[in-house]
Amino acid sequence: MSSVQEVDAAHPGARDYSRLATTEFRRERMASLTALVVGVGALGNEVAKYLALLGARKIWLLDRDRVEASNLTRSVLFCFPDIQEHLRAGTPKAEVAARRVREINPDVSATAFVGEVGDLGLGILRRADLIFCCVDNEAARAVLSRACLRLGKLLVDGGLGLINYSGGLVSIFPGADGPCYVCRKGQTRRRELLQELFGTEDPCWVKEKRQEERGIVPTTPLMASIIGALQVEVGLRRFFSAVPGTEGTSYRLVLNPVPELQVIEFSRSPNCPLHEPEDRISGLETLKQGCSQEITPRLLFEQVSLSSYLTLDWPLTVGACCRSCGYSWRPFLRRARMRHESCPGCGSVDIAETSTLSEIESGSPWQDYTLAELGFPRSQIHQLVVRSQDGSRPHYVEIGDSFEEGQAIKLCS
Ligand SMILES: [Zn+2]
Ligand SMILES: [Zn+2]
């Protein structure tokens with residue numbers, strides 16, 4: 001029995017995919033593909049729609065926001081009769097999009113993840129074959145690009161309105177040995193992005209930056225469709241190609257005033273610090289017994305080595321104090337997330353961080369908190385550094401938290 005028939009037998013309601021049979025997107029390829037779409041705005045809607053039509057096996061959708069009335073001019077997956085209900089209820093975008101994907105093609109298993117890029121455990125990202133980045137801010141792109149690099153995943157980044165409202169850019173980052181998003185930035189922007197990535201940023205700069213980012217970029221459904229289609233087309237072709245290569249490729253498209261497509265090849269920047277060999281996740285051990293709600297750093301040390309310490313992907317704020325009312329608390333939040341926080345006592349945003357953590361040593365008072373209490377995402381891959389006489393080496397442990405596919409999953413905050 002051919003694999004195509006097997007797939008169809010497993011799904012009695014399967015589509016007739018014969019028109020795709022001689023294309024790059026033939027059934028045996030698409031029926032085994034798990035694609036993650038990060039950002040379910042105008043672009044993410046289009047990417048998800050095309051992946052659904054092509055019959056990807058699994059489409060995972062990640063977005064932290066809820067549907068809004070202003071989305072409807074550019075978001076095909078939200079334009080259904082029951083949308084008023086979702087607008088009233090404030091249904092997350094990822095959840096509405098996942099339902100539509102299942103309706104467009106019942107062969108697809110669609111899962112909604114409600115949260116930010118940093119809330120998605122690396123273990124979930126690891127289980128995706130191909131990642132489409134459809135977010136509208138550079139910091140999230142940098143976080144995702146770094147994660148894909150460490151896991152050796154192909155990342156297809158799309159952006160709208162970068163040149164003017166009738167333009168867009170699609171970039172392929174091959175993962176592993178290739179360039180990353182930060183490689184493509186000039187010296188100043190790179191430094192700013194790295195500061196933001198590692199939580200060492202100057203809070204004033206971040207606040208200014210947020211103000212700028214709040215400026216609304218004009219987006220048309222036409223460009224979202226064109227750039228989304230380009231993202232899926234070149235992304236799948238690259239993924240399925242026999243020799244995916246280690247160079248990056250950008251497609252810069254402008255339709256107005258004169259249609260023009262520029263193809264730019266790019267390599268890893270020798271000055272980008274995100275390519276240290278020890279950051280590459282390899283030799284992964286998965287802890288199946290126990291979940292993030294139960295496992296503590298102490299348990300990890302006992303499992304791996306008592307002369308190890310846990311390094312955090314980003315600094316964690318474990319102590320904060322309100323300058324207005326004096327209230328102090330333990331937020332257990334990424335430093336980058338702290339900037340959105342207000343005082344639980346009085347609501348003031350004038351908050352001081354009093355204690356941050358970038359590693360947890362064996363024997364430290366933090367070793368008995370569970371990974372969930374410490375604010376780590378579910379299915380996270382943790383990096384322990386094991387000290388020995390020959391120096392130190394990284395050891396990667398994935399927490400085998402399970403999630404139910406085809407559901408809406410609220411990621412930890
Ligand atoms: Zn780089
Ligand atoms: Zn306060």
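1. Two residues are in contact if their C-beta atoms, placed from the backbone, lie within 7 Å. By that criterion, and leaving aside neighbours within four places in sequence, Glu398 is in contact with Gly123, Leu284, Thr286, Leu287, Ser379 and Ile381. Glu398 is found in strand β15 (residues 391-399). Glu398 and Ile124 lie 274 residues apart in sequence, with a C-alpha to C-alpha distance of 9.9 Å.

2. The model is a predicted one, in which local features need pLDDT of at least 70 and side-chain atom pairs count only at pLDDT 80 or more, while totals for chains, interfaces and linings use all residues. Residues are numbered from 1 along each chain as its sequence is written, and chains are lettered from A and ligands numbered from 1 in the order in which they are written.

3. The protein has twelve helices and 16 strands; helices (H or I, at least four residues) and strands (E, at least two) are DSSP runs, numbered from the N terminus. Its radius of gyration is 22 Å, close to the 22 Å that the globule rule gives for 413 residues, so the protein is as compact as a globular protein of that length. The radius is taken over C-alpha atoms, and the rule is 2.2 Å times the number of residues to the power 0.38. Along the principal axes, the C-alpha atoms fill a box of roughly 60 × 50 × 45 Å.

4. A residue is buried if 20 or more other C-beta atoms lie within 10 Å of its own, exposed if 12 or fewer, and partly exposed in between, with C-beta atoms placed from the backbone. Of the 413 residues, 40% count as buried. Glu398 counts as buried, with 21 C-beta neighbours inside 10 Å. Among contacts between residues at least 6 apart in sequence, 71% join residues at least 24 apart.

5. The axes of helix α3 (residues 42-54) and helix α5 (residues 93-104) come within 9 Å and cross at roughly 25 degrees. Axes are lines fitted to C-alpha atoms, for helices over the stretch in contact, and angles run from 0 to 180 degrees between N-to-C directions. α3 and α5 are therefore roughly parallel (angles under 35 degrees count as roughly parallel, over 145 as roughly antiparallel, 65 to 115 as roughly perpendicular and the rest as oblique). Asn45, Ala48, Lys49, Ala52 and Leu53 in α3 meet Ala97, Val101 and Ile104 in α5.

6. α3 also packs with helix α10 (residues 221-240), at an angle of about 50 degrees and with the axes 8 Å apart. That makes α3 oblique to α10. On the α3 side the contact includes Leu43, Val47 and Leu51, and on the α10 side Ala224, Ile227 and Val232 are among the residues involved.

7. Helix α7 (residues 138-151) and helix α8 (residues 187-197) have axes 10 Å apart and pack at an angle of about 75 degrees, which makes α7 roughly perpendicular to α8. Here Glu138, Ala139, Ala142, Val143 and Arg146 in α7 meet Leu193, Glu196 and Leu197 in α8.

8. A cis peptide bond, with omega of about 5 degrees, joins Asn256 and Pro257; Pro257 is in the loop between β7 (248-254) and β8 (260-266). Ala176, although not a glycine, has a positive phi of about 40 degrees and is placed in the loop between β6 (167-173) and α8. Phe332, likewise not a glycine, has a positive phi of about 50 degrees and lies in the loop between β11 (328-329) and β12 (333-334).
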